[in-house]
Amino acid sequence: SLQSLLPVRAFAGEPNGWCVFLPAQGRVLITDIPLAEDQPPFDRATMDGFAVVPDGQRLSFSIQGMVAAGSTFTGHLQPGQAVRIMTGAPAPAGTTVVPIELTDQFGTAMPHASLTHKTLSTAVVVIVTEPKAVSPARNIARRGEDGRAGDIVVRAGTVLGPATLACAAMAGAAQLTVARPPRIAIVTTGDEIGGQGAAAINDSNGPFLTAFAAALGLPAARAHAVDDAIALRAALVTSFDQAEVVVTTGGVSAGDKDLVPVLATSLGLITVFHHIAMQPGKPVFLARRGDGKFLVGLPGNPVSVIATAHLILLPLIRRLMGLAPDGTWELLPLGCSWSNPGKRQLFLPARRTAGGVVPIRWNGSGDLVAAAAGDCLVDLAPGASHPAGHVVPVLPYVGTLTGATAVLPARCR
């Protein structure tokens, strides 16, 4: 597995502390978050109404004051007494909360908004219109019923989102320690990219990888190097100054101008692997520097870049972010029969449909038109034929919603 090939320490080993809370959105938490105090931290009214001290069958209570959210009632209530109370306010000891719609009020004409325990006359009386409403401990969230001080509410390793950030704030975390996301640098290679003349081609790999990184919440530096050892070496040196993960496209096969592996060695990197029995993307290259930085050498064909970015680069980035490397695979039934007569593991572009995952008929690793019409890769074992309905591993494209694809060419159907 890729995980066994990557003896990396996540950059979680060098965390940054992020202040509450927006910079931590989408990041991986390094340390557990416990409750700093009981939740709720006091007996809390859950409705607007009156906090009354029950007194047998009594239904009339003299109002002694008011307590709003954020304040406390400092007096001591006796049986037959009550305070006006607002949702979220601490309920005085021994009270039950009667909703305001189950009461009538008599006495002074003082409006509720002006009731305070300092100014209220005890001549004001509340009459409870529903006897059951005076049962003990109604409409009160008891202290600690949601959680006790010290309880862990968000575990280390959690990808922080709006709800978990809100929970961390409620728990009293003044600062969150999250994994520092790896910086990415992209170096496309090749004389043909963006050049002039009939043999020149547009760069699709650079935009793909930039968008790929952005979909993971990671900005990426960009550079291009022609097929020249001096130019490529200079681009690699600069990129390693900018990033923890340098990604190249092209220059990893067996041609005279495939310079990436040789230059990586000259820069002191140790090869982790070069060539994997997979299609597309066999020449893929991975090397590691002594300081924990990586060079990921992807092949130059665009579908090979899509495949190896998902199968090699994505697990590496996820691990450096503190995530499980292989956490994005799905198991889906094939929507049609398919076979892989070759000797390598086949990762075909495919489309997820209501009837299952349907591989796309392609013209090979240069056929970006077909690959962009897919929303996932389907994993097909070598030398095997699979009937419709057979369950296969599927890896969704990063940043692509189901069905949000380019046009599927008629030839691919």
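Axes are lines fitted to C-alpha atoms, for helices over the stretch in contact, and angles between them run from 0 to 180 degrees between N-to-C directions. In this predicted model, helix H3 (residues 205-215) packs with helix H6 (residues 302-320) at an angle of about 30 degrees. Their axes lie 10 Å apart. H3 is therefore roughly parallel to H6, because angles under 35 degrees count as roughly parallel. The crossing of the two helices, H3 and H6, is right-handed.

H3 contributes Asn-205, Phe-208, Leu-209 and Phe-212 to the contact. From H6 come Pro-302, Val-305, Ile-306, Ala-309, His-310, Leu-313 and Leu-314. By class, 9 residues in the contact of H3 with H6 are nonpolar and 2 are polar. None is charged.

The model also holds an open sheet of 6 strands. Strands of a sheet pair through backbone hydrogen bonds, either parallel or antiparallel. Here the pairing is mixed, and the strand order is E14-E13-E15-E19-E18-E16. Strand E14 (220-225) and strand E16 (270-274) form the edges. Each of these edge strands pairs on one side only. From one strand to the next, the twist averages 15 degrees.

Within the sheet, strand E18 (residues 285-288) and strand E19 (residues 294-298) run antiparallel. They are joined by 4 bridges. Arg-288 stands opposite Phe-294 in E19.

Helix H6 links the two parts of this description. Besides packing with H3, H6 lies across strand E13 (184-189), strand E15 (245-249), E16, E18 and E19. H6 runs at about 165 degrees to E19.

Note on methods. Residues numbered from 1 in each chain as written. Predicted model: local features only at pLDDT ≥ 70, side-chain atom pairs only at ≥ 80, totals over all residues. Heavy atoms only, no water. Parallel < 35°, antiparallel > 145°, perpendicular 65-115°, else oblique. Left-handed = near helix turned anticlockwise from the far one by under 90°. Contact = heavy atoms within 4.5 Å. Nonpolar A, V, L, I, M, F, W, Y, C, P; charged D, E, K, R; others polar. Pairing = 2+ DSSP bridges.
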